[in-house]
Amino acid sequence: MSVLASTRNTLARGLLQQSNSGRASVLLTVGGARLYSNGEKTLKERFAEIIPAKAEQIKQLRQEHGSTVIGEVVLNQAYGGMRGIKGLVWEGSVLDPDEGIRFRNRTIPDIQKELPKGAGGTEPLPEALFWLLLTGETPTESQVKALSADLASRSELPEHVSQLLDSLPKDLHPMAQFSIAVTALESESKFSKAYAQGVSKKDYWNYAFEDSMDLIGKLPVIASKIYRNVFKDGKLGSVDPNADFGKNLANLLGFKNDEFVELMRLYLTIHADHEGGNVSAHTTHLVGSALSSPYLSFSAGLNGLAGPLHGRANQEVLEWLFKLREEVKGDYSKETIEKYLWDTLNSGRVVPGYGHAVLRKTDPRYTAQREFALRHFPDYDLFKLVSTIYEVAPGVLTKHGKTKNPWPNVDSHSGVLLQYYGLTEASFYTVLFGVSRALGVLAQLIIDRAVGQPIERPKSFSTEKYAELVKSINAKK
Ligand SMILES: CC(C)(COP(=O)(O)OP(=O)(O)OC[C@H]1O[C@@H](n2cnc3c(N)ncnc32)[C@H](O)[C@@H]1OP(=O)(O)O)[C@@H](O)C(=O)NCCC(=O)NCCS
């Protein structure tokens, strides 16, 4: 009997949870699997229902078109970071160079309208996006409330992970601490235990789902513990079982302001997924393809996110902005900013927060954050500075002539929003990105295991071998 079936049949333990609407739902836990008695499907039940059709769709597509040529690869792509090579499958989102990201075919403004909101808020709930990424469906409000409660119920850290975090040196970068904590959670992996016990391939997804939910549930606590340990007094509040994911994160960090809670909901939603080829997504998927657990796979993804050309760019932007502010001493004129941009470029550095490997226009995630700032603090000094840079930098980068995309990306704006509400410690910013990114990459990891994605193993050649290859190809022309 599958775990889902046994869950339905065996009501081993019941824990009453009061949802925000006042409607009671019963959270039942059986061997790590959960369901609710409010009549609606849980995320896991819904995923179990839709996944056979997805697997069939893939099978059909491969049977009919498995030999269709979908692209060509030139030598420069092998040396150029594999840019543009189609070779990955990612169900949750697709990135158009001009339009930007679509999550299950929905733009950011679409999801801002469509996804359920937090109590009293207008921003989408990140856990609702997780549901959408996993199933392609928009959950109802009560389904999201149940999901929020489910995640909150999984939030407790094992003692050894708490102690480990407390023992780390305060000057160890928060992303290194994050990755260490997630790796140490391997002790909890149901996937690894089930694999060791010889579980059947067709049940892999079930354990990947449980590990992913457990891990996501613990992320607000891990992130906040790092924040409180490194920058505050080390004291951590407790998870509110009735609060949503973003609110719990905001409150645990120590921020009670309703607007900051809304910012967290938006932030965690828009950073979650950006198709499969970016470093954190690709790494998580790659490591997972070896059947490493979701904990080990995601911690590998976090190590990639920690790089300055990827997630750490949000920290770099702030540091760069502060140096600019110091240097120009209140003169935010376009001429002064233009000079500072040229100084950065002429010293051989990149302008952080600008450029993108795929995008060729302003990142809609930048726009969503800009609109948030315009709604809540249009006159904030740092926001005005970022807005002036937005007017100047694309022209400078175009004149510089190197980057294929002179427009701002997501990281160009996020730090300024956090600064406004008092979360000023820039070296923590990539941790927030990581909490969000978990939603996208773990959704795909569950799908990977459910549709039986194989171990990833592209072909590599040495330069000598490539030289031989191109010679023999050209000789045949
Ligand atoms: C994101 C990024 C890594 C994409 O790299 P990419 O796909 O190789 O970008 P391009 O093809 O446009 O790069 C071509 C050249 O322009 C340069 N370039 C790209 N973005 C640049 C920027 N913001 N400032 C200065 N130079 C830049 C590259 O370094 C490269 O130079 P090179 O030929 O000397 O190696 C790159 O734009 C970058 O470093 N941006 C700044 C960091 C950042 O914001 N990262 C977050 C991304 S979401």
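User: Which residue ranges make up domain 1 and domain 2 of the chain?
Analyst: Keep in mind that we're looking at a predicted model. The domain assignment puts 313-421 in domain 2. Domain 1 comes in two stretches, 78-308 + 426-476.

User: What distance separates the centres of domain 1 and domain 2?
Analyst: The two domains do touch, with 33 residues of domain 1 and 27 residues of domain 2 taking part in the contact. Going by C-alpha atoms, their centres are separated by 26 Å.

User: How much area is buried between domain 1 and domain 2?
Analyst: The size of an interface is often given as the accessible area lost when the parts come together. Here carbon and sulfur atoms give 64% of that area. On the domain 1 side, Glu259, Leu263 and Tyr429 supply 22% of what this domain buries against domain 2, more than any other three residues. The total between the two domains is about 2500 Å².

User: How many salt bridges does the rule find across the interface of domain 1 and domain 2?
Analyst: Let's start with polar contacts: eight residue pairs are counted between the domains, with both residues at pLDDT 80 or more. For salt bridges, the rule needs a side-chain nitrogen of Lys or Arg within 4 Å of a carboxyl oxygen of Asp or Glu. Across this interface, the count is two.

User: Which residue forms a salt bridge with Glu123?
Analyst: Look for N and O atoms that sit 2.8 Å apart, the closest ones in this pair. The partner of Glu123 is Arg375.

User: Which residues are the closest to the ligand, and how many surround it?
Analyst: The closest are Val351, Gly353, Tyr354, Lys402 and Lys404. By type, the shell splits into nine nonpolar, six polar and four charged residues.

User: What share of the ligand's exposed area does the protein bury?
Analyst: Some polar atoms first: an oxygen atom of the ligand is 2.7 Å from a polar backbone atom of Lys404, and a side-chain N or O atom of Asn409 is 3.0 Å from a ligand oxygen. Thr403 has a polar side-chain atom 3.3 Å from an oxygen atom of the ligand. Taken alone, the ligand exposes 850 Å², and the protein buries 75%.

Methods. Residues numbered from 1 in each chain as written. Predicted model: local features only at pLDDT ≥ 70, side-chain atom pairs only at ≥ 80, totals over all residues. Heavy atoms only, no water. Near = heavy atom within 4 Å. Polar contact = N/O pair within 3.5 Å; in protein donor to acceptor, adjacent residues only side chain to side chain. Areas by Shrake-Rupley, 256 points an atom, 1.4 Å probe, with all protein chains shown as cover. Nonpolar A, V, L, I, M, F, W, Y, C, P; charged D, E, K, R; others polar. Domains from an automatic or database assignment. Contact = heavy atoms within 4.5 Å. Buried area = accessible area lost by both parts, 1.4 Å probe.
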